[in-house]
Amino acid sequence: MAQQDEGRREAPAQGGPDEALDREAEEVTLAVMAASRLVVALSARALAAVDVPLTLPQLRSLVALRTCGPIKLAAMAATLGVSPSTALRMVERLETLGLTDRRVNPDNRREVVLRLTPAGEELVDRVLGHRRAEIRALVARLPAQERAGLVPALTALTAAAGNLDPGLDPAGEAGRLAGVVDDPLNPAP
């Protein structure tokens, strides 16, 4: 009987610290996923409020261009996590709508540099403004104590993401490595 017990491991006690941590982590995960769905829904509503037919990935592309400024096509693809051919098709659609401008980099004719047009900037401002107003209205409905608790929690969550999304810190090292350029189409001293 002793030999039979040698191969067995003792199961952790029910309700131990690891199990409590797992439950808490799962509750936080579900809450973050629900909040993420809410933000996506608010983004979709903000897009529906404008008169330009865009998808959420197209909006993300426009926001990346606004955040990073003029950017190489290859860097745009890397920032969005898509292939260069997918990024090119998206840019072509956005260019057809008059929202982006695509030009050859005068310093390296093999590179294409993208930037928002004034119409693209105005559209991004309208969509993000609409989404911000809706989020602000939701936040205003929360009791002050719950509102105050959101700031450190969301800040910590964003910090924990680190360099997962270069868009979280466009001025940081991740943005530089992604190929963000100052403005090769309009060189200024």
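**Entry 1: ground rules.** I take contact to mean heavy atoms within 4.5 Å. I am working on a predicted model, where local features need pLDDT of at least 70, side-chain atom pairs count only at pLDDT 80 or more, and totals for chains, interfaces and linings use all residues. Residues are numbered from 1 along each chain as its sequence is written, and side-chain values use heavy atoms, with hydrogens and water left out.

**Entry 2: Glu-134.** I started with a charged residue. Glu-134 sits in helix H6. Which residues does Glu-134 touch, not counting residues up to four places away in sequence? I found Leu-42 and Arg-45. Glu-134 and Leu-42 lie 92 residues apart in sequence, yet I read 7.2 Å from C-alpha to C-alpha. Next I checked burial. Buried means under 20% relative accessible area, exposed means over 50%, and partly exposed is in between (1.4 Å probe, protein chains only). Glu-134 has 16% relative accessibility, so I list Glu-134 as buried.

**Entry 3: the whole chain.** I counted elements next. Helices (H or I, at least four residues) and strands (E, at least two) are DSSP runs, numbered from the N terminus. The chain has eight helices and three strands. Along the sequence I read α-α-α-β-α-α-β-β-α-α-α. How much of the chain is buried? Buried residues make up 28% of the 189 residues. I also looked at sequence separation. Among the contacts with a separation of 6 or more, 58% come from residues 24 or more positions apart. For surface, I used accessible areas from the Shrake-Rupley method with a 1.4 Å probe; for residues, only the protein chains shown count as cover. The chain exposes about 12800 Å², and carbon and sulfur atoms supply 57% of that area.

**Entry 4: the core.** In soluble globular proteins, nonpolar side chains tend to be buried together. I went looking for such a set here. A nonpolar core is a set of buried Ala, Val, Leu, Ile, Met, Phe, Trp, Tyr and Cys residues joined through side-chain atoms within 4.5 Å. The largest one holds 27 residues, and Leu-54, Leu-62, Met-76 and Leu-123 touch the most other members. Two or more residues come from each of helix H2 (17-48), H3, helix H4 (73-80), H5, strand S3 (108-116) and helix H6 (118-140). I then followed Leu-54. Leaving aside neighbours within four places in sequence, Leu-54 is in contact with Leu-47, Leu-62, Leu-94, Leu-97, Leu-99 and Leu-123.

**Entry 5: H3 against H5.** Two packed helices are described by the angle between their axes and the distance between the axes. Axes are lines fitted to C-alpha atoms, for helices over the stretch in contact, and angles run from 0 to 180 degrees between N-to-C directions. Helix H3 (residues 56-68) and helix H5 (residues 84-96) pack at about 85°, with axes 11 Å apart. Angles under 35 degrees count as roughly parallel, over 145 as roughly antiparallel, 65 to 115 as roughly perpendicular and the rest as oblique. H3 and H5 are therefore roughly perpendicular. On the H3 side, I noted Pro-57, Gln-58, Ser-61 and Leu-62; on the H5 side, Met-90, Arg-93 and Leu-94. By class, this contact has four nonpolar, two polar and one charged residues. For classes, Ala, Val, Leu, Ile, Met, Phe, Trp, Tyr, Cys and Pro count as nonpolar, Asp, Glu, Lys and Arg as charged, and the others, Gly among them, as polar.

**Entry 6: Ser-61.** I stayed on H3, where Ser-61 is found. Is Ser-61 buried or exposed? Ser-61 counts as buried because its relative accessibility is 1%. Outside four places in sequence, Ser-61 is in contact with Met-76, Leu-80, Met-90 and Leu-94.

**Entry 7: H4 against H5.** The axes of H4 and H5 come within 8 Å and cross at roughly 105°. H4 and H5 are therefore roughly perpendicular. Leu-73, Met-76 and Ala-77 in H4 meet Pro-84, Ala-87, Leu-88 and Val-91 in H5. I sorted this contact as seven nonpolar, no polar and no charged.

Entry 8: Ser-43 has its place in helix H2. Its relative accessibility is 6%, so Ser-43 is buried. Beyond four places in sequence, Ser-43 is in contact with Leu-56 and Arg-131. Thr-79 is found in helix H4 and is buried at 9%. Lys-72 lies in strand S1 (residues 71-72). At 24% relative accessibility, Lys-72 is partly exposed.
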